[in-house]
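Let's take a walk through a protein model together. Keep the sequence and the 3D view open as you read.

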Amino acid sequence: MDVGGAYGAGKAGAPFDPLLFVKRPQVIVKGVCLFFGIIVFCCVSGAWYADIQLQREVCLYNKKSSPCHYGEAIGLLAFFASLGFLGGEYMFGQMSSVKSRKHFVLIDLGFSGFWAFMYFVGFCYLANQWSNTTIDEDILEREGTSSIQAAIVFSFFSVFSWAASAWLAYQRFLQGNNAMFAAGLEGGEAQMTGAAAFSSYSQDDQPYQDPPFSNQHEGGGEYPAPTY
């Protein structure tokens with residue numbers, strides 16, 4: 001099924017305009033999500049320090065490795081997911097199937113909402129572990145705390161960026177459903193109009209006349225014999 005402007009995009013096969021693509025709200029928000037994902041990953045990756053006594057690297061978040069692993073995972077996956085969705089936005093206008101566009105919008109909606117929740121969990125987790133950190137002051141001064149705090153702050157910002165992405169996907173989904181409903185309604189009215197015209201033609205513009213004496217046969221009477 002060909003599409004022309006379904007789900008908020010232009011008609012399939014239209015020439016690609018880089019300026020309009022960059023100005024698209026979905027592209028802007030996904031770019032912000034990608035940027036925040038890089039910052040969170042890099043900041044959490046720098047939260048490790050070498051412990052001489054334990055002879056291994058220790059996470060600055062309360063000396064537990066799980067907060068660092070969690071922060072790195074959500075940041076890295078957010079980066080790759082944002083790249084994938086940006087590529088999908090580029091291909092979105094070239095999709096010639098309404099179902100393909102609908103599936104892309106639903107995936108965007110589901111993943112964006114889920115990742116906003118994951119970032120909220122990460123923000124709460126990192127903030128809680130950092131508030132309970134009991135590392136020596138000389139280690140904190142040597143390693144620095146700016147990257148640790150930046151990871152917490154940008155995890156908080158990422159909650160809103162992915163929530164905004166989910167909201168835009170939901171608006172696009174509603175727009176697509178309303179457009180398809182209106183198109184189906186117009187198609188139904190056109191079919192009814194055609195049927196009514198045909199019915200009017202068949203009743204009012206009959207090319208033939210009724211056969212003589214048909215009313216008598218329908219009423220069950222007999223033709224009277226002529227008298228001479």
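What follows goes from the overall layout to a few spots worth a look.

A word on the ground rules: this is a predicted model, so local features need pLDDT of at least 70, side-chain atom pairs count only at pLDDT 80 or more, and totals for chains, interfaces and linings use all residues. Residues are numbered from 1 along each chain as its sequence is written, and side-chain values use heavy atoms, with hydrogens and water left out.

Let's begin with the big picture. The protein has seven helices and two strands; here helices (H or I, at least four residues) and strands (E, at least two) are DSSP runs, numbered from the N terminus. Reading from the N terminus, the order of elements is α-α-β-β-α-α-α-α-α. Of the 228 residues in the protein, 34% are buried, where buried means under 20% relative accessible area, exposed means over 50% and partly exposed is in between (1.4 Å probe, protein chains only). As for contacts (heavy atoms within 4.5 Å), take those in the protein between residues at least 6 apart in sequence: 78% of them join residues at least 24 apart.

Residues 70–92 are 100% helix and 0% strand, and their end C-alpha atoms lie 32 Å apart.

Now find helix α2, which covers residues 25–45. Its 21 residues reach 30 Å from first C-alpha to last, close to the 30 Å expected at 1.5 Å a residue (the expected span is 1.5 Å times one less than the number of residues). Among the buried residues of α2 are Q26, V27, K30, C33, L34 and G37. When you look down a helix, keep in mind that an α-helix has 3.6 residues a turn, so residues three or four places apart point the same way.

D51 is buried, with a relative accessible area of 13%. Leaving aside neighbours within four places in sequence, D51 is in contact with R56 and V58. The C-alpha atoms of D51 and I139 are separated by 9.5 Å, though these residues are 88 apart along the chain.

Next, the cysteines. How many disulfides does a search of the whole structure find? There is one, counting a disulfide as a pair of cysteine sulfur atoms within 2.5 Å. C59 and C68 are the partners, with 1.9 Å from S to S. Their link is right-handed, at 75 degrees about the S-S bond. Both ends are buried: C59 has 1% relative accessibility and C68 has 0%. C42, meanwhile, is in no disulfide, and the nearest cysteine sulfur, that of C43, is 6.9 Å away. C42 counts as partly exposed, at 48% relative accessibility.

Rings come next. The structure holds 17 aromatic pairs: rings of Phe, Tyr and Trp (its six-membered ring) pair if their centres lie within 6.5 Å, and planes under 30 degrees apart count as stacked, over 60 as edge-to-face and the rest as tilted. One of them is the tilted pair of F92 and F104, 5.5 Å centre to centre with 45 degrees between the planes. F92 sits in helix α3 (residues 65–92) and F104 in helix α4 (residues 98–131), so this pair ties together parts that are 12 residues apart in sequence. F92 and F104 are both buried.

F156 and F157 also make a pair: their centres are 6.3 Å apart and their planes at 50 degrees, so the pair is tilted. F156, at 34% relative accessible area, is partly exposed, and F157 is partly exposed at 38%. Ring pairs link these two into a cluster that includes F35, F36, F123, F154 and F160.

Finally, go back to F92. Over its face lie R101, at 5.3 Å from the ring centre, and R172, at 4.4 Å; a charge sits over a ring if NZ of Lys or CZ of Arg is within 6 Å of the ring centre and within 35 degrees of the ring normal. Leaving aside neighbours within four places in sequence, E89 is in contact with F21, R24, Q26, V27, F104, D108 and R172.
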